[in-house]
Amino acid sequence: MTTDSNTLKEPGLIAISNPMDWKAIDRFILLASLVLLAPLSFGVSMWATNILAPEWLNQTLVMMLSVLYVMHIAVMGSFIITAIKLRKYTHDWPLFENAIISSFLVTVMTTGYLTGTHLSEALLIIFLGVIITCTLADVNKIKFCFWIVVPILILMSALDYSEAVPYAMLLERSPYAEDGRPLEGWMMVRMTVAVILAPLIYLCILAMKRWTERESLYLEMSTIDGLTRLSNRNSLISRGQEEIRRARASDAMPPLSCIMIDLDHFKQINDTWGHHAGDEVLVAA
């Protein structure tokens, strides 16, 4: 595999291109694999707690969440296997994209509400997921989901103060001691969430890096001539307008001058020696 500025490479490792440059279906496979971290980590944490201290959990909700996690893993696993086969024949699969986004939101928001963390860890996971998905999937779909998530979070916050609905229904006891510190088991669960966030944050860093690189590249392409590395026409017009505004805004009204340089008989160089030679003359001049 060739290595360029868009390739991630570390000593001793095979070069891997930046996921932002992959075709859509490959990005979806990566995104689905990351999304699987949520039900896997949540499920392992919940069942570890249920085995060690079952009296702390609502057993009915444990079974309901277990079904949700298993369904999520099974559906995403099936999509990933199918996508690996389809990637040879197609570059996109919108249904896969929709399944990734919707399943992620359902799993994280449901778990966050039942554990009372929908305004802390769950919210952070969702927003990090939004950032990553914006780079790997359709931004318009993410924007639509965002406007669905916000009112649901407001509703969840209102239910927190409702006497008709228990707070953090999955937990039979408070996971915090009387002095406000989290109990050891709850701290382990939160550390597990931190493990989920680590790869998400790293991918966010890659996305931000790519956005910065592309912004710098687009800015250079719009202002610098690719051949001579001088300011191009758009840059000169923009700078000229800026200087005119500056001169008009000055009380002293300093003189504003412009110098134009032309190469005499340049057309003869192109006609005689070809445009390649003409390009070299322009660079030298």
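This note sets out points on a predicted model, covering a helix pair, a loop residue and the cysteines.

1. Helix H1 spans residues 24-35 and helix H3 spans residues 59-86; their axes come within 10 Å and cross at roughly 155°. Angles over 145 degrees count as roughly antiparallel, and H1 and H3 are therefore described as roughly antiparallel to each other. The crossing of these two helices is left-handed.

2. On the H1 side, the residues that meet H3 are Ile25, Ile29, Ala32, Ser33 and Val35. Their counterparts in H3 are His72, Met76, Ile80, Ala83, Ile84 and Leu86. By class, the residues of this contact comprise nine nonpolar and two polar, with no charged residue.

3. Leu171 lies in the loop that runs between helix H6 (139-160) and helix H7 (184-223). Its relative accessible area is 18%. Because buried means under 20%, Leu171 is classed as buried.

4. Leaving aside residues up to four places away in sequence, Leu171 touches Trp56, Leu57, Leu114, Thr115 and Trp186. Ile25, a member of the H1 contact with H3, is 146 residues from Leu171 along the chain, and the C-alpha atoms of the two are separated by 39 Å.

5. Two cysteines may be set side by side. Cys145 has a relative accessibility of 16% and counts as buried, whereas Cys258 is exposed, with a relative accessible area of 73%. A search of the whole structure finds zero disulfides.

Definitions and conventions: Residues numbered from 1 in each chain as written. Predicted model: local features only at pLDDT ≥ 70, side-chain atom pairs only at ≥ 80, totals over all residues. Heavy atoms only, no water. Disulfide = S-S within 2.5 Å. Buried < 20%, exposed > 50% of the residue type's maximum accessible area, 1.4 Å probe, protein only. Axes fitted to C-alpha atoms, helices over the stretch in contact; angles between N-to-C directions. Helix = DSSP H or I, 4+ residues; strand = E, 2+ residues; numbered from the N terminus. Parallel < 35°, antiparallel > 145°, perpendicular 65-115°, else oblique. Left-handed = near helix turned anticlockwise from the far one by under 90°. Contact = heavy atoms within 4.5 Å. Nonpolar A, V, L, I, M, F, W, Y, C, P; charged D, E, K, R; others polar.
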